[in-house]
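Here is a short briefing on one protein chain. Topics run from the overall fold to single residues.

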Amino acid sequence: MVHAYILIQTEVGRARDVAAEIEKIPGVVRVDAVTGPYDVVVLTESPNVDELGRLIISKVQAVPGITRTLTCSVVKL
């Protein structure tokens, strides 16, 4: 499995709505509203990198209220 954290910036006042919508997406393991430069942090898992890309582009980035995402793939060191 491929895991990644997605750091999300939202429109002002939309973090709760965005987090609630993202929780419904298959492949999302955890969603947290946070403080700082990002508003929501999402942990995802996918069978491979291509599926991860599809999850991010066609599902997560399609959620209304998101202004920017940054994906951080988990690596085994």
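Contact here means heavy atoms within 4.5 Å. By that rule, S46 is in contact with M1, V2, E51, L52 and L55, leaving aside its neighbours within four places in sequence. This is a predicted model: local features need pLDDT of at least 70, side-chain atom pairs count only at pLDDT 80 or more, and totals for chains, interfaces and linings use all residues. Residues are numbered from 1 along each chain as its sequence is written, and side-chain values use heavy atoms, with hydrogens and water left out.

**Fold**

- The chain has 2 helices and 4 strands. Both kinds of element are DSSP runs, numbered from the N terminus: helices are H or I with at least four residues, strands are E with at least two.
- The order along the sequence is β-α-β-β-α-β.
- Residues 24 or more positions apart supply 69% of the contacts with a separation of 6 or more.

**Size and surface**

- The C-alpha trace spans about 35 × 25 × 15 Å along its principal axes.
- The chain exposes about 5000 Å², with 54% of it from carbon and sulfur atoms. Accessible areas come from the Shrake-Rupley method with a 1.4 Å probe; for residues, only the protein chains shown count as cover.
- Of the 77 residues, 34% count as buried. Buried means under 20% relative accessible area, exposed over 50%, and partly exposed in between (1.4 Å probe, protein chains only).

**Strand pairing**

- Two strands pair if DSSP finds at least two bridges between them.
- Strand β1 (residues 2-10) pairs with strand β3 (residues 40-46) in the antiparallel sense, over 7 bridges. A4 has T44 in β3 as its bridge partner.
- β1 is also joined to strand β4 (residues 66-73) by 7 bridges, and the two run antiparallel. Here L7 stands opposite L70 in β4.
- In a regular strand the side chains alternate between the two faces of the sheet.

- S46 lies in strand β3. It counts as buried because its relative accessibility is 3%.
- R16 is in helix α1 (residues 15-23). At 72% relative accessibility, R16 counts as exposed.
- R16 and D32 are 16 residues apart in sequence, and their C-alpha atoms are 9.5 Å apart in space.
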